[in-house]
There are 2 protein chains.
Amino acid sequence: MFKKILIAEDFQDTNKGIVEALESRLQIETIQEELYCDKAYNRFKVAHEKGEPYELLITDLTFSENHVPRKLTSGKKLIDAVRAVDKNIKVIVNSMIDNPTEINPLFSEQEINGYVCKGRNSLNDLVNAIQEVYQNRTFVSPQLNLNTAGSVFEMDKYDLMILKNLADGFTKKEISEKLKKQNISPNSESTIDKKVSKLFDEFGAKNTHHLIAKLVKLGKI
Amino acid sequence: MFKKILIAEDFQDTNKGIVEALESRLQIETIQEELYCDKAYNRFKVAHEKGEPYELLITDLTFSENHVPRKLTSGKKLIDAVRAVDKNIKVIVNSMIDNPTEINPLFSEQEINGYVCKGRNSLNDLVNAIQEVYQNRTFVSPQLNLNTAGSVFEMDKYDLMILKNLADGFTKKEISEKLKKQNISPNSESTIDKKVSKLFDEFGAKNTHHLIAKLVKLGKI
DNA sequence: TAGTCCCTTACAGGTATCTGTAAGGGATTC
DNA sequence: GAATCCCTTACAGATACCTGTAAGGGACTA
């Protein structure tokens, strides 16, 4: 089993819950917790330089702001920083995000080893994840179905781009002109009209205001 | 000090972190944790009927869905249900929400006794909150400044209502008619036009799509 | 080759949004 | 009372959105 684990999680209650669970359920010599990405990174780096590196990083993705100035503002940045020093360190992300479009890039781009979605079973999932990752396997909380990322529930990139532009205040005419400049087709205002109207049906929206509000709430925009 | 405390929190790691902290820092005979509102309510009711009531409820506001069918779907509903049985039970809300417009009604309408905002100091805040509430005082996490609720950064209720209706797909004409039916003034389409246009400036939005997207992202709608 | 299907596009008409002007009313000040 | 300020409202014109129709083209099939 891992001998040294580093935990980065800004919610104090969650942080303590994880430490307590790991101490009681796994045989790990050193479990170190930090509330800030920067502090976690410093601790990791010092240990690495002393030749006593951490073998596993467990980190949240979002870290709230407060008065303390920060260099590393998110779990993603922490992972990048840590991997730049030690590209072999194992990483498990522990977050409340359950959107496959956000989680998949963590595996494909940042090559994390496990993803645990916070919830009613997350401590059990986390223990399982640690054991799986220790065996060089990846782990994903079972309630997540990452395979559905490209399924019928996912909007295609084109539709998403249109909606993002609308949400950013561009008119359909402006979007049409943008597309023409970039030689992206289709690009007529009429087609954009129709694409958006189709999304009304798919998402049960009455108009564009409604659709945008829904999609932002769903985290798709 | 309280003898019986009931905790409702759906994140297992957070849940355990709270229990562990309270057990180690406060002298409380019974600390009962539940992951579901319904289960928490049942446990509360049984204890009440047996004449061994819980004296304090600590609850989150949001509880994620899963396959388990639920009657009580949020902390707010749990509080209402519990207070309907025992109007004297003390309630502390422990949530990550930091928006005064959402928190203030908890005090004014649901008459909660304390609010702890999850974060890097939330376990310490929670311990303080329990001690304050035990002394019949209210407690709010110090990083929250609920007094700013009506300040320049907060939108007034009227504007918010208009934007919510727009985000729900109603046209300004429909909103105007709604207001007239409810005898709420002002209610002309023209005034609504102007209110929204003013918000464009305040929030740096180009049009209504942009404004709605921004406000949803800010959690105000 | 002809027929079919689907996507793209243009266009038109109706509706909704956005902006500006102007008129009226209440509150305050002088 | 008169002047001023602010808010509400009506109205008008320009722009943007939404829907429907129709024409054209590419892909596929018979």
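Which residue forms a salt bridge with A:Glu9, and how far apart are the closest N and O atoms? The partner is A:Lys118, with the closest N and O atoms 2.8 Å apart. A salt bridge here is a side-chain nitrogen of Lys or Arg within 4 Å of a carboxyl oxygen of Asp or Glu.

## Basis

This is a predicted model, in which local features need pLDDT of at least 70 and side-chain atom pairs count only at pLDDT 80 or more, while totals for chains, interfaces and linings use all residues. Residues are numbered from 1 along each chain as its sequence is written, chains are lettered from A and ligands numbered from 1 in the order in which they are written, and side-chain values use heavy atoms, with hydrogens and water left out.

## Chain A

Chain A has 9 helices and 6 strands; helices (H or I, at least four residues) and strands (E, at least two) are DSSP runs numbered from the N terminus. Of its 221 residues, 51% count as buried. Buried means under 20% relative accessible area, exposed over 50%, and partly exposed in between (1.4 Å probe, protein chains only). Among the contacts in chain A with a separation of 6 or more, 62% come from residues 24 or more positions apart; contact means heavy atoms within 4.5 Å.

A:Glu49 lies in helix 2 (residues 37-49) and counts as exposed at 60% relative accessibility. Its C-alpha atom is separated by 9.8 Å from that of A:Val85, 36 residues apart along the chain.

## Salt bridges

Over all chains, the whole structure holds 12 salt bridges. A:Glu9 is buried at 1% relative accessible area, and A:Lys118 is buried at 7%. Together with A:Asp60, these two residues are linked in a network of salt bridges.

A:Glu132 and A:Arg137 also meet in a salt bridge (2.8 Å, N to O). A:Glu132 is partly exposed at 25%, and A:Arg137 is partly exposed at 43%. In chain B, B:Glu34 pairs with B:Arg43, the closest N and O atoms being 2.6 Å apart; B:Glu34 is buried at 11%, whereas B:Arg43 is partly exposed at 35%.

## A:Ser141

A:Ser141 is found in the loop between strand 6 (139-140) and helix 6 (157-167) of chain A. The residue is buried, with a relative accessible area of 0%. Its side chain reaches the backbone nitrogen of A:Cys117 at 2.8 Å. Not counting residues up to four places away in sequence, A:Ser141 touches A:Tyr115, A:Val116, A:Cys117 and A:Asp125.

## Interface

Chain B can be laid on chain A with an RMSD of 1.4 Å by a turn of 180 degrees and a shift of 0.3 Å along the axis, superposed by least squares on the C-alpha atoms of residues with pLDDT of at least 70 in both. The two copies are thus related as by a two-fold rotation axis. The same surface serves both copies, as 100% of the contact residues of chain B recur in chain A.

In all, 40 residues of chain B are in contact with 40 residues of chain A. The count of salt bridges between chain B and chain A is 0. Helix 1 of chain B gives the largest share of the side that touches chain A, 8 residues.

Definitions and conventions:
A polar contact is a pair of N or O atoms within 3.5 Å; within protein, one must be able to donate a hydrogen and the other to accept it, and residues adjacent in sequence count only if both atoms are side-chain atoms.
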